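Reader: I'd like to learn how to read helices in a model like this. Could you walk me through it?

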Amino acid sequence: MSSDYIVRKAQTGETGNKGEFGTHDRPADTITLAPTTSRGAAAGDAFLEPGDEDYLYAGELGWDDLHPVGLRRQEGGGGYFIAPSVPVPLMDWAPTDLTEEQKVAWVDAHQEVINTFLRDRYGATLTGLNTLDDGVERIGRAGAEVTVFADEDHDGSISHQDISDAIGRSTAIQMLNEFDDGTFGTDNASRLVREYIDSRAIAPSADDMTPAEIDREVRARAGKREIRPETARAIAKRLAYEVWDGIIDVPVGTTHLDDLAYGGHADKEQLTADLRAIYEKDTRPKSRARLDMMFTWVLHGSAVSEDA
């Protein structure tokens, strides 16, 4: 391959060793694995009673690079659902200037955002993180699981080859390519995740704050520093409740405010539009002060290390 195709961090503007390879997309005219790829599976078949589920080793299905593959048969008989899970390199997606411990904390703080990204782009769900294992080992078991339907054979069983072909029709192929920085001709998931996170206002947890406690922090920080993400989410929950209860009469939907209040993250531009709609209708001085602080928090975020 020509050295013209080599992109290093000095060219991409990324942090770290400027001589390292960058993560920008590779040229589109190079070879990539096609979504219709069919791999030869080991001979054999699987059988489940209606409603039952099990797992199969991916290697015997011709997919050594996947986690065990979920298999579930429909209730009342019928076809099988195949659920391949692709390993997710979450530690590689974290900022490169963090320690391992800090990367684990970053993954935990951004878990719901990453899950939404996987769902929106691949129709997949982030799995494997809700265990009691220690940090890096736990993060290393993360997977992105997607489900696809495969017809059963006439006798109620399904062949390994049919399962393998169903995997080949799923977005698992796209994920395998995009999660691997070395796959040419595809988008790069690590870059896409960073761009997606940059577009979101993120508050993964909320303090149990009364309106008076919210207002005390707003007064203490107004004109000095941004509110904490926990407080931003507490304000979002309060605003969402007041809109729902009719205390604030907003003529448009505020679904992105709901995203932050109940999901922990929202698109910055769309959230700002929701907050503006509320600001136009809610003239109470304390509410205006909360909203002013929300606008600056959405724009600037919070300090990396926060005092209470």
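Author: Happy to; we will go through a few helices, one feature at a time. Keep in mind that this is a predicted model.

Reader: Let's begin with length. What should the 12 residues of helix H4 span?

Author: At 1.5 Å a residue, H4 (residues 111–122) should span 16 Å, and its end C-alpha atoms are 16 Å apart, so the two agree. Just after H4, Gly123 has a positive phi of about 70°.

Reader: Which residues are buried in H4?

Author: They are Gln111, Val113, Ile114, Thr116, Phe117, Leu118 and Tyr122.

Reader: How do I read the sides of a helix?

Author: Here is the general idea: an α-helix has 3.6 residues a turn, so residues three or four places apart point the same way. Now take helix H9 (residues 211–221), where Ile214, Asp215, Glu217, Val218 and Arg221 are buried. These residues cover an arc of only 160° around the axis, which puts them on the same side of H9.

Reader: What do the buried residues of H9 pack against?

Author: Their partners are H10 and helix H13 (285–300). As for what comes just after H9, Gly223 takes a positive phi of about 75°.

Reader: Is Thr231 buried or exposed?

Author: The cut-off for buried is under 20% relative accessible area. Thr231 has 0% relative accessibility, so it counts as buried. Thr231 sits in helix H10 (residues 229–244).

Reader: Which residues is Thr231 in contact with, leaving aside neighbours within four places in sequence?

Author: Those are Met209 and Glu217.

Methods
Residues numbered from 1 in each chain as written. Predicted model: local features only at pLDDT ≥ 70, side-chain atom pairs only at ≥ 80, totals over all residues. Heavy atoms only, no water. Helix = DSSP H or I, 4+ residues; strand = E, 2+ residues; numbered from the N terminus. Buried < 20%, exposed > 50% of the residue type's maximum accessible area, 1.4 Å probe, protein only. Contact = heavy atoms within 4.5 Å. Arc of directions from axis to C-beta. Expected span 1.5 Å × (residues − 1).
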